[in-house]
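Hi,

Here is the structure I promised to pass on.

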Amino acid sequence: QVQLVESGGGLVQPGGSLRLSCAASGSIFKIDVMGWYRQAPGKERELVAVIGSRGSTTYADSVKDRFTISRDNIENTVYLQMNSLKPEDTANYYCNANALVVGSARYYDYWGQGTQVTVSS
């Protein structure tokens, strides 16, 4: 199967920056889309940004021009550079990968455990 391990969350002041990382490991044959989602208390999980295997990206309107998603296809790692952070960015951030494992005929979605980002003064 596939394991996703996130890192880089923490407490930051408004206007600050954080960089999240997510490394995928396991019996991976190929990864298609990788991305970041977030869930704040009392709210549904929402898309933050996703990136295709060839680098195409999609961002939520709320993070455009502040966040940048990137990936390393050799290391099976996805990053999220977050700048100009706001209190409303506070949430648990989850990594997602749509992956094909060795011996399987279809892609499945895999999720990390999440990393907390808190933006507060």
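Below is what turned up, one topic at a time.

First, some ground rules: this is a predicted model, so local features need pLDDT of at least 70, side-chain atom pairs count only at pLDDT 80 or more, and totals for chains, interfaces and linings use all residues. Residues are numbered from 1 along each chain as its sequence is written, and side-chain values use heavy atoms, with hydrogens and water left out.

**The disulfide**

A disulfide is a covalent bond between the sulfur atoms of two cysteines. In practice, the search looks for a pair of cysteine sulfur atoms within 2.5 Å. Going through the whole structure gives 1 disulfide. The partners are Cys 22 and Cys 95, with 2.0 Å between their sulfur atoms. This pair links distant parts of the chain, as Cys 22 is in strand 3 (residues 18-26) and Cys 95 is in strand 9 (residues 91-101), 73 residues apart. (Strands are DSSP runs of E, at least two residues, and helices are runs of H or I, at least four; both are numbered from the N terminus.) The angle about the S-S bond is -80°, which makes the link of Cys 22 and Cys 95 left-handed.

Are these two cysteines buried or exposed? Buried means under 20% relative accessible area, exposed means over 50%, and partly exposed is in between, using a 1.4 Å probe and protein chains only. Cys 22 counts as buried because its relative accessibility is 0%. Cys 95 also has a relative accessible area of 0%, so Cys 95 is buried.

**Strands 7 and 8**

Next, look at strand 7 (residues 67-72), where the side chains alternate. Strand 7 pairs with strand 8 in the antiparallel sense over 6 bridges (two strands pair if DSSP finds at least two bridges between them). Across this pairing, Ile 69 stands opposite Leu 80 in strand 8. The two strands form a hairpin with 4 residues between them, and Asn 76 in the turn has a positive phi of about 55°.

Thr 77 belongs to strand 8 (residues 77-82). Thr 77 is at 8% relative accessibility, so it counts as buried. The side chain of Thr 77 reaches the backbone oxygen of Glu 75 at 3.1 Å. That is a polar contact: a pair of N or O atoms within 3.5 Å, where within protein one must be able to donate a hydrogen and the other to accept it, and residues adjacent in sequence count only if both atoms are side-chain atoms. If you leave aside neighbours within four places in sequence, Thr 77 is in contact (heavy atoms within 4.5 Å) with residues including Cys 22, Ala 23 and Met 34.

**Salt bridges**

Side chains of opposite charge can pair when their charged atoms come close. The rule here is a side-chain nitrogen of Lys or Arg within 4 Å of a carboxyl oxygen of Asp or Glu, and it gives a count of 4 salt bridges.

Which residues are linked in a network of salt bridges? They are Arg 38, Glu 46, Arg 66 and Asp 89. Within it, Glu 46 and Arg 38 have their closest N and O atoms 2.7 Å apart. Arg 38 is buried because its relative accessible area is 6%, whereas Glu 46, at 35%, counts as partly exposed. Arg 38 also meets Asp 89 in a salt bridge, at 3.0 Å from N to O. Asp 89 lies in the loop between strand 8 and strand 9 and Arg 38 in strand 4 (residues 28-39), so this pair ties together parts that are 51 residues apart in sequence. Asp 89 is buried, at 1%.

Another salt bridge joins Asp 61 and Lys 64, with closest N and O atoms 3.2 Å apart. Here Asp 61 is exposed at 65%, and Lys 64 is partly exposed at 43%.

Enjoy exploring!
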